[in-house]
Amino acid sequence: MKHHHRRVVSATSSAVYLLSRHYATKYTAKVTSTSPTGRTLSVEVTPPSPLPFDNRGYPLPRRHLICKASNIILHNQSLPSAALSLDDRFQDLSDYLSTLSLSLTPDEASEILKSLKCPRLALKFFKFCPSLSPNFRHTPFTYNRLLLIFSKSTLPSRFDLVRSLTDEMLKSDVRGNISTVHLLIGIFGDSEDLERCLELVKRWDLRMNCYTYKCLIQAFLRSRDSQKALNAYMEMRKKGYKLDIFAYNMLLDALAKDEKVEQAYKVFEDMKRKHCEPDEYTYTIMIRMTGKTGKPGESLALFEEMISKGYSPNAIAYNTMIQVLANARMVDKAMFLFSKMVEKDCRPNEFTYSVILNVLVAQGKLHKLDEVVEISKKYMNKSIYGYLVRTLSKLGHASEAHRLFCNMWKLHDNGDRDAYMSMLESLCDAGKTVEAMDLLSKIQEKEITADIMMYNVVFSALGKLKQVSHIHDLYQKMKQDGPSPDIFTYNILISSFGRAGNVDEAIKIFEELENSGCNPDIISYNSLINCLGKNGNLDEAHMRFREMQEKGLTPDVITYSTLIECFGKTEKLEMACRLFDEMLSEGCFPNLVTYNILLDCLERSGRTAEAVDLYSKLKQQGLTPDSITYTVLERLQSGSHKKVRIRRQNPITGWVVSPLR
């Protein structure tokens with residue numbers, strides 16, 4: 001016999017649906033009597049069977065009930081889940097359970113929680129459970145289940161929620177078990193909460209086991225408190241417990257990083273006595289620690305002990321030992337170990353080569369690099385060659401880098417773009433521009449396209465050396481074969497021709513820039529103005545200055561400083577002073593170089609009062625005078641207007657002033 005009822009459910013769309021569902025429970029009944037008309041009858045209903053119990057007397061969870069309740073919470077069977085709010089789902093669950101004669105047990109609630117992955121949903125169900133029955137009371141198992149869900153959560157408020165849950169346990173007088181403590185230790189990472197976990201152990205009269213200590217030690221290590229972790233280990237040791245290899249390695253690594261050498265040695269020896277054999281990671285930690293303390297002999301002894309026990313060192317172990325020997329400047333032993341590493345088919349990586357290269361350079365034994373390459377020739381590919389070339393270039397050994405680069409060129413059909421770029425930069429830094437241009441012309445042979453960055457590197461080097469003919473030839477080749485010049489190319493060329501005094505060529509390049517797809521920027525105008533001013537074309541320089549303003553480009557401190565210097569050096573001091581005032585009115589703040597330029601010009605013209613006033617402004621702006629400033633001040637005090645001063649030439653403007661900042 002089935003009973004039916006109808007109820008109204010509110011959907012999220014505010015529409016009202018009239019829906020039908022069955023009661024959850026079927027009742028079996030026997031008719032005992034009927035009325036003469038047959039319109040009424042009386043029946044005898046058989047009550048539902050009581051909860052099943054195991055052989056220890058504990059009630060067994062009803063699996064069908066757990067599955068049904070979980071489905072109602074996660075998604076309603078008769079409605080789309082979007083049509084029911086969370087409160088409606090819990091009401092449905094309450095209606096479902098009300099048709100049963102027995103209430104939900106804590107064990108069943110724990111199993112339902114297990115199916116709820118969402119922390120907020122699980123917490124809502126947890127708080128809803130007591131409303132299902134006046135006799136329902138959460139147990140440590142339901143609390144543990146919820147704590148486990150929070151331990152896997154990433155909610156920002158999870159720590160506060162766990163603290164609140166713990167407070168609720170204490171208020172409800174629910175005595176947690178050791179698993180509760182384990183979960184809390186795993187969730188928390190700061191010392192304050194960990195101390196509270198230990199207080200709960202005492203309050204609940206629990207006994208810490210080996211796993212408890214392991215959790216506690218790892219938690220202290222996560223909070224970077226190696227001393228408390230060590231204290232927990234010592235207490236654990238007194239009780240006869242021991243860690244596993246993973247926990248031992250974590251503790252040793254933390255002690256080694258905190259330079260607690262003696263404590264690390266004690267733990268290491270204790271580890272071996274407790275029949276927890278060190279592995280290759282343990283030995284690597286100890287080797288690194290002894291190496292940092294300047295004891296390469298002990299590191300070697302540990303390395304040999306590791307091998308004697310049958311362990312095969314991995315790349316990390318070899319690299320650590322090689323680094324220890326390199327730091328101790330033991331080149332021959334480092335090379336021998338490197339050969340053993342290759343012999344044992346342990347592939348060297350970039351770190352290995354970096355350590356070897358650095359010690360060879362430091363000890364002046366870079367000639368052994370060929371030996372390194374020969375030893376590891378089965379692993380040498382264009383990537384390793386490229387790394388060695390780049391590293392040698394950065395270390396300032398252009399010749400060795402070039403020689404190694406030539407070997408790479410011979411051995412590999414395709415090239416490494418980064419290695420070629422590093423080689424170009426290295427050659428240019430060393431002033432070997434002919435070799436750089438030759439490399440740039442042959443780079444396509446290795447299926448690498450010469451890009452604009454490569455050309456700009458070479459143009460910049462040629463410009464610094466004033467090799468105008470090479471610049472012109474390379475520029476013509478680039479225009480013919482590609483790539484197209486960019487704004488950096490044009491700026492480098494304008495500056496380079498200006499530095500060499502080739503004003504016409506600089507103007508020609510600037511005009512090409514204006515006719516190209518690129519627009520001149522402040523650097524373009526600064527380079528051209530510097531070129532014109534330096535070579536005596538002041539009117540043209542000033543005209544370009546006004547032109548850039550008309551085009552919407554705001555002159556910067558370099559623009560003003562360059563023009564002030566140009567006018568000041570050509571006895572047009574009034575114009576220089578007007579530019580300085582204009583600079584201030586436009587909100588462009590002079591730097592120390594600007595002040596030095598104008599101070600020098602004023603002092604040379606005998607306008608000492610104005611120079612002193614300018615120096616006061618310099619101090620008011622918070623600038624710190626340098627050696628150039630003090631030289632001008634000394635001349636002001638002595639009244640000497642000597643023309644000869646020893647100053648280095650400025651690479652930007654070409655005038656002998658301190659660098660523009």
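Predicted model: local features only at pLDDT ≥ 70, side-chain atom pairs only at ≥ 80, totals over all residues.
A disulfide is a covalent bond between the sulfur atoms of two cysteines, and the criterion applied here requires the two sulfur atoms to lie within 2.5 Å. For C210, the closest cysteine sulfur belongs to C215 and lies 9.6 Å away, which is too far for a bond. The surroundings of individual cysteines were also examined. C210 is partly exposed, with a relative accessible area of 27%, whereas C197 is buried, with a relative accessible area of 2%.

Helix α23 comprises the 13 residues 452–464, and at 1.5 Å a residue these should span 18 Å, a value with which the separation of the end C-alpha atoms, 18 Å, agrees. At the start of the helix, a side-chain oxygen of D451 comes to within 3.2 Å of the backbone nitrogen of M453. Beyond the other end, α23 is followed by K466, a residue whose phi is positive, near 55 degrees.

Helix α23 is mostly covered, given that 10 of its 13 residues are buried. The buried residues of α23 are I452, M454, Y455, N456, V457, V458, F459, A461, L462 and G463. An α-helix has 3.6 residues a turn, so residues three or four places apart point the same way. The elements that cover the buried residues of α23 include α21 (417–429) and α22 (433–442), together with α24 (468–481) and α25 (487–499).

Turning to the aromatic residues, a search of the whole structure finds 16 aromatic pairs. Because Y283 lies in helix α13 (residues 280–292) and Y311 in the loop between α14 (296–308) and α15 (315–327), the pair ties together parts that are 28 residues apart in sequence. The two partners can also be described by their accessibility: Y283 is buried, with a relative accessible area of 0%, whereas Y311, at 23% relative accessibility, counts as partly exposed. Elsewhere among the aromatic residues, F90, F125 and F128 form one aromatic cluster.

Note on methods:
Residues numbered from 1 in each chain as written. Heavy atoms only, no water. Buried < 20%, exposed > 50% of the residue type's maximum accessible area, 1.4 Å probe, protein only. Helix = DSSP H or I, 4+ residues; strand = E, 2+ residues; numbered from the N terminus. Expected span 1.5 Å × (residues − 1). Contact = heavy atoms within 4.5 Å. Polar contact = N/O pair within 3.5 Å; in protein donor to acceptor, adjacent residues only side chain to side chain. Phe/Tyr/Trp six-rings, centres within 6.5 Å; stacked < 30°, edge-to-face > 60°.
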